[in-house]
Amino acid sequence: MTNTAKLPLALAIMGPTASGKTAAALAIARQIPSEIISVDSALVYRGMDIGTAKPSAAERASAPHHLIDIIDPLDAYSVAQFRTDTLALVADITARGKLPLLVGGTMLYFKGLADGLDELPGADPAIRAALEADAAAIGWPAMHARLQTQDPATAARLAPNDAQRIQRALEIIALCGKPMSELLALREKPVLPFELLSFALEPSDRAVLHARIAARFDAMLAEDGGNGGLIGEVEQLRRRGDLHPGLPSMRCVGYRQAWDYLDGRIGYAALRETGIIATRQLAKRQMTWLRSMPERIVVDCLDADPAARMLAHLAALKK
């Protein structure tokens, strides 16, 4: 990047779920006047607090937070909107003389911010209808397996039940004859109006991260919070009457499992097991995204003080 010395600085703190991103960001904010921009596609939803591990009221009071509780679960929030909002927020925060901390695990948001938006072909109703018919016959996991044979790089980053993105990736192949990953690699990367220093909290021992994930999911199920834990939170959302499991908000990990439990399709033990498995799978996809980001600075999330390592690196850059 040219003229980086003249550009304001922003820090990205990325990582898989349960890697301690919020704690690290708050530790940095205690040392450097900062404001936190959430990079999380679940934290944008109001009324979804327990299952998203939303920062507590005390944590949010200790440093300004942005892009949390900004839309209703019935609505959608796009990568394009995230990019627009974040560019404006970084400009505002740096103008106030503070350090923007971009914190979260939605790697598609980070990629959209750094690499720009997709310039891909528009939707084709006929192709989409054919793909939906195939999915109705064989299921989205089988469609994901089909994508794996045609565009393994994109398939590796998507959940087997991520119908919307699997459909889009297969649609692009049908339209262009080339995989989406190849088309995206040909794009000219935009230049951000700030220097983005990217840290990735990654585990040196995956088993420890898995134990953290299980413990956190159990805490979500047990949490009171006035709602009776995750199950109570989803029960309250269902009582609205306008939400359904096909919405992006209700497809978030934990919420779709709790919805199935409340529908009577699975028992409590299966809710816990499938919720933990789904969270592990999310962490695996997040790690796949991270490995595709060569400019990241890896910090072991299992270190005693990951924030201190990030601050030391930042101090070294200023020398």
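Predicted model: local features only at pLDDT ≥ 70, side-chain atom pairs only at ≥ 80, totals over all residues.
Student: Which strands pair with E4, and in what sense?

Tutor: Begin with the bridges. E1 (residues 9-14) pairs with E4 in the parallel sense, over four bridges. E2 also pairs with E4 in the parallel sense, over five bridges.

Student: Which residues stand opposite each other?

Tutor: Take one example from each pairing. Methionine 14 is opposite glycine 104 in E4. Isoleucine 36 has leucine 101 of E4 as its bridge partner.

Student: How many residues of E4 are buried?

Tutor: Buried means under 20% relative accessible area. In E4 (residues 99-104), six of six residues are buried. Then check directions. Leu99, Leu101 and Val103 point one way, while Pro100, Leu102 and Gly104 point the other way, and all are buried.

Student: Is serine 38 buried or exposed?

Tutor: Serine 38 counts as buried because its relative accessibility is 5%, under the 20% cut-off. This serine sits in strand E2 (residues 34-38). Leaving out residues up to four places away in sequence, serine 38 touches Leu43, His66, Leu67, Ile68, Phe82 and Val103.

Student: What does the UniProt annotation "binding site" cover?

Tutor: Treat that as a record. The unreviewed UniProt entry lists Gly15, Pro16, Thr17, Ala18, Ser19, Gly20, Lys21 and Thr22. Proline 16 lies in the loop between E1 and helix H1 (21-31). Alanine 18 is in the loop between E1 and H1.

Student: Why do proline 16 and alanine 18 count as buried?

Tutor: Compare each value with the 20% cut-off. Proline 16 is buried because its relative accessibility is 0%. Alanine 18 is buried, at 12% relative accessible area. Beyond four places in sequence, alanine 18 touches Leu209, Arg212, Ile213 and Arg216. On that basis, the contacts of proline 16 include Lys21, Leu201 and Leu209.

Conventions: Residues numbered from 1 in each chain as written. Heavy atoms only, no water. Helix = DSSP H or I, 4+ residues; strand = E, 2+ residues; numbered from the N terminus. Buried < 20%, exposed > 50% of the residue type's maximum accessible area, 1.4 Å probe, protein only. Contact = heavy atoms within 4.5 Å. Pairing = 2+ DSSP bridges. UniProt positions renumbered as here; feature names shortened; annotations may be inferred.
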